[in-house]
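Hello,

Here is the structure I promised to hand over. My notes on it follow below.

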Amino acid sequence: MIRHATVADRARISEIRNAVRENKLGAANVSKVADTARWIYDNGTFWVWEEDGAVQGFAVADPRDGTIFGLFIHPDYEGRGIGRTLLPLACDDLRKAGFAVATLTTSPATRAEGFYRTDGWIEIGRQDDGQIIFEKKL
Ligand SMILES: CC(C)(COP(=O)(O)OP(=O)(O)OC[C@H]1O[C@@H](n2cnc3c(N)ncnc32)[C@H](O)[C@@H]1OP(=O)(O)O)[C@@H](O)C(=O)NCCC(=O)NCCS
């Protein structure tokens, strides 16, 4: 089942964010990510995938800057089409917020890199820390 997250989902969303094996949250980013997550919980939308009685993945956009803030699937539920299903919902939120292009960053040589390239995201550069910057027309 796909639905909007509620306050009750926050702990499970954090659990999934911390369970991933790639694109793990670095210590330097913890407080910035927490601030953004708080703003989105208050003003925007996390999309969640619920299965087997629990949230198993989420996608979320930041409508302030046109970025995909997060796409994370629990490792036990990867490779079953959940990411491919949730990502367009977050992209649609950006389109509705007036963006013509979505942007995101991800670590190179990860499953996510291949996933985004397969999904038509175009690399437009690298950050100083090596993260790939991807863009896709909405
Ligand atoms: C990246 C991630 C979101 C993908 O979600 P997922 O639910 O496992 O992906 P899906 O099952 O929806 O895959 C969709 C398609 O992408 C393809 N794909 C997945 N990984 C791929 C790869 N490394 N290279 C090429 N294609 C890939 C799949 O083959 C699939 O297409 P198919 O069904 O036609 O075969 C998920 O693996 C994840 O949460 N990873 C850890 C956290 C992370 O890195 N998030 C991104 C942070 S920016």
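A residue counts as buried if 20 or more other C-beta atoms lie within 10 Å of its own, as exposed if 12 or fewer do, and as partly exposed in between, with C-beta atoms placed from the backbone. By that count Ala109, with 10 C-beta neighbours inside 10 Å, is exposed. Ala109 is found in the loop between E5 and H4, and its phi is near 60 degrees, a positive value in a residue other than glycine. Asp52 also has a positive phi, near 55 degrees, and is not a glycine. Asp52 sits in the loop between strand E2 (46-51) and strand E3 (54-62) and is exposed, with 7 other C-beta atoms within 10 Å.

Two notes on how to read all this. The model is predicted, so local features need pLDDT of at least 70 and side-chain atom pairs count only at pLDDT 80 or more, while totals for chains, interfaces and linings use all residues. Residues are numbered from 1 along each chain as its sequence is written.

Now the overall fold. The protein has 4 helices and 7 strands (DSSP runs numbered from the N terminus: helices are H or I with at least four residues, strands E with at least two). Along the sequence they follow the pattern β-α-α-β-β-β-α-β-α-β-β. The radius of gyration is 14 Å, close to the 14 Å that the globule rule gives for 138 residues, so the protein is as compact as a globular protein of that length (the radius is taken over C-alpha atoms, and the rule is 2.2 Å times the number of residues to the power 0.38). Of the 138 residues, 29% count as buried.

Next, the inside. The largest nonpolar core holds 31 residues, and Trp47, Phe58, Ala59, Val60, Leu86 and Ala90 touch the most other members. Such a core is a set of buried Ala, Val, Leu, Ile, Met, Phe, Trp, Tyr and Cys residues joined through C-beta atoms within 7 Å. Helix H3 (residues 82-96) gives the largest share of this core, 6 residues. Neighbours within four places in sequence aside, Leu86 is in contact (C-beta atoms, placed from the backbone, within 7 Å) with Trp47, Trp49, Gly57, Phe58, Ala59 and Leu71.

Finally, the ligand. Of the 21 residues around the ligand, Asn23, Glu78, Gly83, Arg84 and Gly114 come nearest (a residue is near if its C-beta atom, placed from the backbone, lies within 6 Å). H4 gives the most to this shell, with 5 residues.

Best wishes

Note on methods: Contact = placed C-beta atoms within 7 Å.
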